[in-house]
Number of protein chains: 2
Amino acid sequence: MRLSKSFLKTLREAPKDETAVNGALLIRAGYIHKEMAGVYDFLPLGLRVVENIKNIIRDELNKIGCEEILMATLQNPEPWEKTGRFSDQEVDIWFKTELASGGILGLAPTHEEPVTNLMKSYISSYKDLPLYVYQFQNKFRNELRAKSGILRGREFLMKDLYSFHTSQEDLDRFYHEVELAYGRIFERMGVGDSTYETFASGGIFSKYSHEFQTFLPVGEDTIYYNQDKSIVLNKEVYNPEVLNDLNATDEKFEETTGAEVGNIFKLKFKYTEPLELKYIDESNQQKTVYMGCYGIGVSRLMGVIVEKFADEKGLVWPETVAPFKYYLIGIGENGISEAEKFYTGREDTVLFDDRDKRPGEKFADSELMGIPLRVVVSDKTLADNEAEITDRKTGKSWRVSLDELFEKF
Amino acid sequence: MRLSKSFLKTLREAPKDETAVNGALLIRAGYIHKEMAGVYDFLPLGLRVVENIKNIIRDELNKIGCEEILMATLQNPEPWEKTGRFSDQEVDIWFKTELASGGILGLAPTHEEPVTNLMKSYISSYKDLPLYVYQFQNKFRNELRAKSGILRGREFLMKDLYSFHTSQEDLDRFYHEVELAYGRIFERMGVGDSTYETFASGGIFSKYSHEFQTFLPVGEDTIYYNQDKSIVLNKEVYNPEVLNDLNATDEKFEETTGAEVGNIFKLKFKYTEPLELKYIDESNQQKTVYMGCYGIGVSRLMGVIVEKFADEKGLVWPETVAPFKYYLIGIGENGISEAEKFYTGREDTVLFDDRDKRPGEKFADSELMGIPLRVVVSDKTLADNEAEITDRKTGKSWRVSLDELFEKF
């Protein structure tokens with residue numbers, strides 16, 4: 001992408017009410033725009049990051065046999081009334097709206113009820129099971145406060161996966177496959193070594209659920225972990241009974257904060273029973289379907305990555321989610337012409353700063369935008385038939401020959 | 001994709017309240033699921049069609065320099081109050097909702113106000129113009145009646161493009177570029193020869209706008225056209241004054257119905273003036289930005305394509321938007337093994353019906369699902385070292401040698 005052909009530019013200031021580091025930096029670097037607290041627009045660079053995150057998740061979920069769908073935002077109360085969750089007492093973050101032709105609708109804060117209902121058209125026999133469907137869809141949650149940038153949105157992008165099974169064993173088997181897939185997903189996004197599977201409270205049918213918590217100073221959850229971090233617990237289950245369950249009564253636990261980037265639940269019959277999602281088994285008996293659900297906060301994850309890696313100069317993206325791999329600057333007539341040559345055919349991986357601006361401004365923008373590698377071709381580097389590469393994360397610069405640049409980059 | 005590994009199946013019946021042909025067929029063929037009137041979920045095949053339509057539009061818009069963004073659904077009333085459009089008297093299809101922390105929000109029925117507001121952060125000088133941004137985003141419209149399947153949704157996917165300029169001439173120039181791009185888009189989707197640019201009413205700043213109408217018996221608009229279809233008018237501007245403007249007072253016009261798949265507007269200052277989107281020109285004068293907007297109903301277009309081509313056996317997709325190119329069936333042991341060979345490496349273009357079902361059922365499903373070419377490999381065709389190809393649209397079948405199948409398909 002040529003910056004001269006884009007409307008994007010870095011901004012000197014973020015809005016005064018944007019107190020979160022992730023929100024302020026992403027706004028200043030031109031990735032997002034704030035509509036109101038907890039509601040953001042994604043600009044071209046931000047949208048590329050979101051798509052990169054989605055593609056990593058999609059790839060790992062498709063590998064374990066999941067199928068992508070897209071459910072609606074507007075919610076008919078009917079299935080939610082059957083599970084008791086349309087009530088504002090039960091779910092206190094509903095946005096609701098009135099239908100002109102009469103009746104109340106909700107804006108989906110999650111999709112267990114509609115997906116269970118949808119599956120009544122597709123599941124009737126044990127031959128239809130197991131099955132796994134997921135979507136990337138905006139969720140709407142009427143949060144009283146939303147001051148954490150894109151870490152907590154009133155409208156935010158989530159990946160939600162739902163699985164359906166004939167037995168507890170099969171649910172357990174797939175749940176474990178998702179645990180492994182989530183590990184690969186967070187690893188590929190560069191937060192693998194700071195993201196831990198964490199015990200959290202379960203529900204009616206399961207003593208525990210699991211969260212994936214990225215350790216982060218601005219994280220909203222309080223987390224306890226033992227010395228080798230083999231046991232990590234959300235504060236809500238950090239009590240003697242649970243420690244006993246885990247044979248960890250003698251261990252010393254430390255407290256920290258985390259941001260929940262994913263969660264997985266064995267729902268069992270929680271939704272399939274009230275919504276009567278049944279199947280006929282091999283011996284012609286009608287049985288209730290077992291169900292699991294598995295979320296990843298896509299836009300939150302983007303915010304977590306920002307908070308994790310940003311430094312005093314701006315954003316720092318891991319290469320796998322960065323909107324572009326290279327930030328290209330040509331200085332001087334020959335430098336610009338050589339940069340043009342490098343850009344040609346690499347339009348999708350190179351952000352070419354071909355604007356009529358001073359090199360210093362371009363350097364500062366490349367740092368604020370956080371593109372992994374800066375490539376500078378100037379009359380000075382060309383005198384040695386070379387280009388200069390700078391790693392955004394380490395700040396280290398080195399020279400490569402033009403041959404190497406064109407062959408290996 | 002292997003049908004045996006998918007939850008998809010064709011359904012015997014659509015819901016009784018689904019009276020539109022497009023809705024009923026898409027539900028029966030497993031492309032969509034109905035949540036309520038005007039609100040649908042997209043299942044794997046339907047989502048693939050939507051993505052194919054988006055990719056064609058994206059490709060043509062990127063070619064003319066447009067940049068993709070993604071704006072929010074939740075709308076702060078402020079900018080809408082400045083243009084007078086937050087009022088339910090002015091815009092009678094708003095869905096509104098209450099913020100827990102106080103205040104009313106709207107669900108975006110369109111995005112002129114927020115995009116104009118957003119551009120205040122990015123446009124200050126003539127050097128920032130022209131610029132063009134678009135998004136694919138769900139729109140929400142509180143329709144009293146929604147009985148046309150995905151032709152008229154309460155929640156539906158739209159592509160909306162907005163352009164910003166320093167002069168009427170530059171707005172005119174880009175408007176014409178979009179007209180040409182729209183022509184290419186509808187052509188690529190197979191509705192080019194039945195879609196006409198149509199005069200429609202303008203607004204404050206422009207006598208006419210243009211719609212793109214696909215002639216269609218179930219279309220909701222009444223359209224008038226002259227003999228060579230060089231002049232096509234929406235009923236709302238079919239009057240002596242307009243005919244006089246177009247030097248068409250002597251021509252004979254016929255009436256038909258159309259579905260509006262796109263519309264383009266020269267908005268000029270309609271939104272930029274009340275929202276004070278200004279720029280500084282070359283002589284340091286502050287001026288108001290010229291604006292245009294350009295929509296395509298993505299999910300509606302999918303419904304139009306269904307209505308246009310479907311026959312008594314089911315859906316018929318043009319190859320460019322079809323979820324898969326081939327529907328593959330192997331019959332008999334050798335047929336199945338040869339089909340497996342053909343499938344390998346073609347997972348993204350072949351829908352492989354490897355289910356344990358009778359050939360007759362598979363043939364019927366391949367027709368209902370509307371995949372362009374059916375490939376059958378059976379012991380019978382293998383006796384001649386051949387496969388049988390059937391064109392869904394014409395119903396014609398022919399034989400190809402296995403060599404040709406593996407090389408050319």
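Predicted model: local features only at pLDDT ≥ 70, side-chain atom pairs only at ≥ 80, totals over all residues.
View 1. Val133(A) belongs to strand 7 of chain A, and, leaving aside residues up to four places away in sequence, it touches Cys66(A), Glu67(A), Ile69(A), Val115(A) and Tyr162(A), together with Phe7(B). Glu254(A), which is 121 residues apart from Val133(A) in sequence, is 37 Å apart from it in space, C-alpha to C-alpha.

**View 2. The side of chain A that touches chain B.** Here 44 residues of chain A are in contact with 44 residues of chain B. Among the elements of chain A that give two or more residues to this side are strand 1 (32-36), helix 2 (44-63), helix 4 (112-119) and strand 7 (131-140), while strand 2 of chain A gives the most, with four residues. Sorted by class, this side of chain A holds 24 nonpolar, 10 polar and 10 charged residues.

**View 3. An open sheet of three strands in chain B.** The strands of this sheet follow the order 4-6-5 and their pairing is antiparallel. Strand 4 (74-75) and strand 5 (95-98) of chain B each have a single partner strand and stand at the edges, so one side of each is left without a neighbour in the sheet.

**View 4. The pairing of strand 5 with strand 6 in chain B.** Strand 5 of chain B runs antiparallel to strand 6 (residues 104-107) of chain B, and four bridges join the two; Glu98(B) has Ile104(B), in strand 6 of chain B, as its bridge partner.

Methods: Residues numbered from 1 in each chain as written. Chains lettered and ligands numbered in written order. Pairing = 2+ DSSP bridges. Contact = placed C-beta atoms within 7 Å. Nonpolar A, V, L, I, M, F, W, Y, C, P; charged D, E, K, R; others polar.
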